[in-house]
Amino acid sequence: MTQAINRTALFNASCLALITTAFTFAIRAGILPQLGEDFGLSASQLGFINSMWFLGFPISMILGGIFYHSVGPKIIMNIAFVTHTIGILMTVFADGYTTLLISTLFIGFGNGCTEAACNPMIADMYTGVKMNKMLNRFHMWFPGGIVLGSLISKFMTDAGFGWQAQIWIMMIPTIAYAVIFFGKVFPKPSVEGVTSLSSNFKAMLSPVFIFLFICMSITAITEFGTQQWANVVLGNSGASGMLILALTTGVMAVARFFAGPVVAKLGQTGVLLGGAIFATVGVYLFSVVTGPMAYAAAIIFALGVAYFWPVMVGAVAQRVPLSGALGMSIIGGVGMFSTAIWQPIIGGWIDSARASNLAEGLEGAALELATGQETLLKLTTFPAILIVLFIIFFIWQKNIKSTKIVSAH
């Protein structure tokens with residue numbers, strides 16, 4: 001059975017599925033103004049439509065993790081294809097707000113299925129350093145796909161194409177991954193004992209998993225929270241927010257492609273600690289620089305956060321193997337939820353900073369820049385905490401090996 005598994009084809013199809021996820025993220029962002037104009041939607045309504053993407057994602061990730069060992073990755077990816085297709089078609093033929101809400105929920109659900117199926121499948125197909133390398137190369141296609149999707153959306157918008165034509169573009173990688181997956185033999189779970197949900201939950205009560213769970217919530221807000229606010233803030237400092245986003249995600253994609261030798265040299269714990277240091281420096285620079293120097297800060301920040309998501313998922317696969325696909329899905333889910341959890345707090349920081357700066361007489365661009373920089377300075381708290389946590393993790397795990405860590409084929 002193992003000999004019949006075409007790992008290269010399965011991996012390539014997984015990457016195309018993740019490109020679909022990235023396209024739904026980037027292209028939808030690019031067409032929001034057109035959707036608002038065509039359907040007469042308020043910014044609040046557009047925000048609720050976007051929130052469906054984030055709601056569907058963790059729901060299907062967790063459900064996929066629960067049922068992965070009973071139904072397998074093939075069925076989960078079939079569901080991903082069906083929900084992606086339904087969501088895309090419903091969006092193209094949407095007649096208003098409600099249809100857009102439902103269609104975005106379907107797309108988010110398909111995106112979560114992709115993560116729920118492909119992360120454990122890749123972990124089952126490869127081991128050790130090779131697994132870390134392939135997980136990073138898989139996750140390379142989320143920032144890589146965002147760069148590609150953003151450029152496609154910008155080009156099509158500038159060329160006068162409507163939003164429906166841009167949505168149709170999402171079907172290209174969707175059909176491609178379905179065609180490659182079709183008829184393929186999928187790997188069986190490679191870790192004994194993970195088919196029992198009770199053993200999964202028992203493993204997730206271990207100190208290592210709980211520690212990684214906490215760290216994942218902070219790595220996610222470091223990555224997504226900083227990107228979200230930095231892109232807005234730096235627009236008032238002489239730097240282009242869109243170029244900052246493209247540069248950040250582009251550097252992340254390249255870094256993940258070359259993750260194999262980096263993880264092999266530094267190990268998971270070393271990569272996570274180094275990432276926290278780079279991320280802290282990058283976010284701090286965002287809070288003090290203006291103009292072209294912001295692009296240098298973006299590169300440093302991107303090198304810091306590039307490995308967080310895939311290496312955290314890999315750490316669960318290797319260091320808490322009995323948590324199985326459910327453990328990997330839970331880790332991914334908390335990464336998605338944490339951004340939403342912290343937004344009100346970050347918003348409070350912004351309101352407080354703006355009020356104090358207004359009291360000092362600032363206004364216009366100067367007000368927004370000062371407010372944003374104060375907020376970004378506070379955001380350095382997250383990666384700074386990670387430095388401490390990952391130093392602890394480095395020392396804690398220094399002499400601990402799992403069976404999957406030892407193997408490096």
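## Exercises on cysteines and a helix pair

The model is predicted, with local features needing pLDDT of at least 70 and side-chain atom pairs pLDDT 80 or more, while totals for chains, interfaces and linings use all residues. Residues are numbered from 1 along each chain as its sequence is written, and side-chain values use heavy atoms, without hydrogens and water.

**Exercise 1.** Find how many disulfides the whole structure has.

*Solution.* 
1. A disulfide is a pair of cysteine sulfur atoms within 2.5 Å.
2. From the sulfur of Cys113, the closest cysteine sulfur is that of Cys118, 10 Å away and too far for a bond.
3. For Cys118, the nearest cysteine sulfur belongs to Cys15, at 8.4 Å, and Cys118 is in no disulfide.
4. The search of the whole structure gives zero disulfides.

**Exercise 2.** Is Cys118 buried or exposed?

*Solution.* The relative accessible area of Cys118 is 0%, so Cys118 is buried.

**Exercise 3.** Describe how helix H11 packs against helix H16.

*Solution.* 
1. Two packed helices are described by the angle between their axes and the distance between the axes.
2. For H11 (residues 259–288) and H16 (residues 381–397), the angle is about 165° and the axes are 8 Å apart.
3. Therefore H11 is roughly antiparallel to H16; the term covers angles over 145 degrees.
4. The contact (heavy atoms within 4.5 Å) includes Leu273 and Ile277 of H11 and Phe390 and Phe394 of H16.
5. By class, this contact of H11 with H16 has 14 nonpolar, four polar and no charged residues; Ala, Val, Leu, Ile, Met, Phe, Trp, Tyr, Cys and Pro count as nonpolar, Asp, Glu, Lys and Arg as charged, and the others, Gly among them, as polar.

Key
Axes are lines fitted to C-alpha atoms, for helices over the stretch in contact, and angles run from 0 to 180 degrees between N-to-C directions. Helices (H or I, at least four residues) and strands (E, at least two) are DSSP runs, numbered from the N terminus. Angles under 35 degrees count as roughly parallel, over 145 as roughly antiparallel, 65 to 115 as roughly perpendicular and the rest as oblique. Buried means under 20% relative accessible area, exposed over 50%, partly exposed in between (1.4 Å probe, protein chains only).
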